[in-house]
Amino acid sequence: MIRDKEGNRGIESMLTLAVVGHPNEGKSSVLATLAEDDAIRISHVPGETQSVDVIPVSLDGVELFRLADTPGFQNPEAIADWIRKTTTPDLSGKPLFEYFSAEFSGKTRFRHDRELIRGLIGASAILYVIDGSRPVRSYDLAEMDILRMSGLPRVALINSKTDAPRFVDDWKKVLSLHFSAIRFFDAHRAKFNDRIALIETLRSIQQEWEPILAKVASALKEDWLHRMHTCAGLIVDHVIDAIEFSVTAEYPIRTDFKAYEERARSSYTHTIEQKEVRCFEQMKHLFRHRLAEFSIQPHPILGDSLFSSHTWRMLGLSRRQLALGAAAAGAVGGVALDLAFSGLTFGVFTAASAVVAGSTAYMRGDRLAEIRILHNSLGHNELRIGPNRDPNFPFVLIDRCLLHFDTISHWTHARRDTPETSSNDSKGFTGSWPTQSIQTVMRLVKAIHKGHLGEVDDTRKQLVDLVVEELHRISSR
């Protein structure tokens, strides 16, 4: 019986999956991805792993299963030959492996291999990692023989280290003779569904594990859904916070306030950008990228400032989308909607008082927060920058968060290089949203500016649900 640190009951029986293979075939990468642990050491130097390292996979302090990182095979052909000569009807499987360990204990021969065999003795099943981009060799056949003679359930994972796994068909023919199941598992590109599929494969090859692994799969799915809702909440709350934000600066009467205005504007943009950085960091931590450092921004657009002209040209909605969304949502005060259509009207915009960004919305994001001069009787005036009332502002904020999520949700914990750019390399995501979703954002903004807290609460929940759907769509691409 496994219990968490408070003594609560956990999974009834613990499974230990031994991850084995030839040196430098990607075992540590598979471990890091399955465990979502970017602290696992990954080296391109063969033979770095010298001993068995058991890694618990837990949720909320409850251990679900264990992964055993094992040293790579050093002398598989010699060991396979010894096992074939030593096996008898009464001595096979784990007892045979225990005999092997005792026979060579304290001896130089098979010193490294004994540690690998120790990992197999303590395992419930084997995950055999091979590189499908190289040909099958004689020592691979010997390794498969050793694993087959362990008597343990076995799953082969084809983890190609290049984009062109030329020898997959050859591997599949050989692996099918020795393994209960074969799966493709690219540790650098595996998605959440790939991890669940591996659990389902293990369920199918060992009937007695089915109830245990059903609980494991259910727990992982529930945790993933929780993360999606939490991430959506972070994004929406960041948008609300940025929309509400303003900066106030005091300056002497009869003084040229331009210098004060520039300082206040700089404070406004810097603070909003810092809020975004904190949101991004929270998102990274939520998806367990705790030790990973982005040496560049995850997406080219995010390399530009939130308030740069390039950002505002590339992200958010078109003028037509803003106009239609604002009209349908009943957005408050602002420039006539005719401006968004360069004078083209449909007879309904004259009556509707809706906010539409002018051309500046697509050129200078840092000039969109309104400026107010508040008079003061003590010899000073107050200058207020914000809140930002441009209708495209929330959509630009959401797009940047979704682009960040696009990278971290596809960047596995086995990655040790600079993240690749998103496949969505030209635009954001909100531009493809249906009008109903756009209206939800605009209703939220309207409620914020009017101070209708109850409506803000209700509309926030609706937007969180919409963002959750978008996160699921992005992460499963």
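Begin by selecting Asp-223, which is buried (under 20% relative accessible area, where over 50% is exposed and the range in between is partly exposed, with a 1.4 Å probe and protein chains only) because its relative accessible area is 15%. Before moving on, note that this is a predicted model, in which local features need pLDDT of at least 70 and side-chain atom pairs count only at pLDDT 80 or more, while totals for chains, interfaces and linings use all residues. Residues are numbered from 1 along each chain as its sequence is written, and side-chain values use heavy atoms, with hydrogens and water left out.

Arg-227 counts as buried because its relative accessibility is 3%.

Now select Glu-36, whose salt bridge with Arg-227 has its closest N and O atoms 2.6 Å apart. This pair links distant parts of the chain, with Glu-36 in the loop between helix 1 (27–35) and strand 2 (53–59) and Arg-227 in helix 8 (residues 210–244), 191 residues apart. Both Glu-36 and Arg-227 are buried. In the structure there are 23 salt bridges.

For another of these pairs, go to helix 7 (residues 192–205), where Glu-200 and Arg-203 lie 3 residues apart, about one turn of the helix, and where their side chains meet in a salt bridge at 3.1 Å, N to O. Glu-200 counts as partly exposed, because its relative accessibility is 29%. From Glu-200, draw a distance to Ala-214, 14 residues apart along the chain, and the C-alpha atoms are separated by 8.1 Å. Ala-214 is in helix 8 and, at 27% relative accessibility, counts as partly exposed.

Finally, select helix 3 (residues 93–103), whose buried residues are Gly-93, Leu-96, Phe-97, Phe-100 and Ser-101. They lie on the same side of helix 3 because they cover an arc of only 145° around the axis, taken from the directions from the helix axis to the C-beta atoms. These buried residues pack against helix 2 (76–86), helix 4 (111–121) and helix 5 (138–148), contact meaning heavy atoms within 4.5 Å.

How values were computed
Helices (H or I, at least four residues) and strands (E, at least two) are DSSP runs, numbered from the N terminus. A salt bridge is a side-chain nitrogen of Lys or Arg within 4 Å of a carboxyl oxygen of Asp or Glu.
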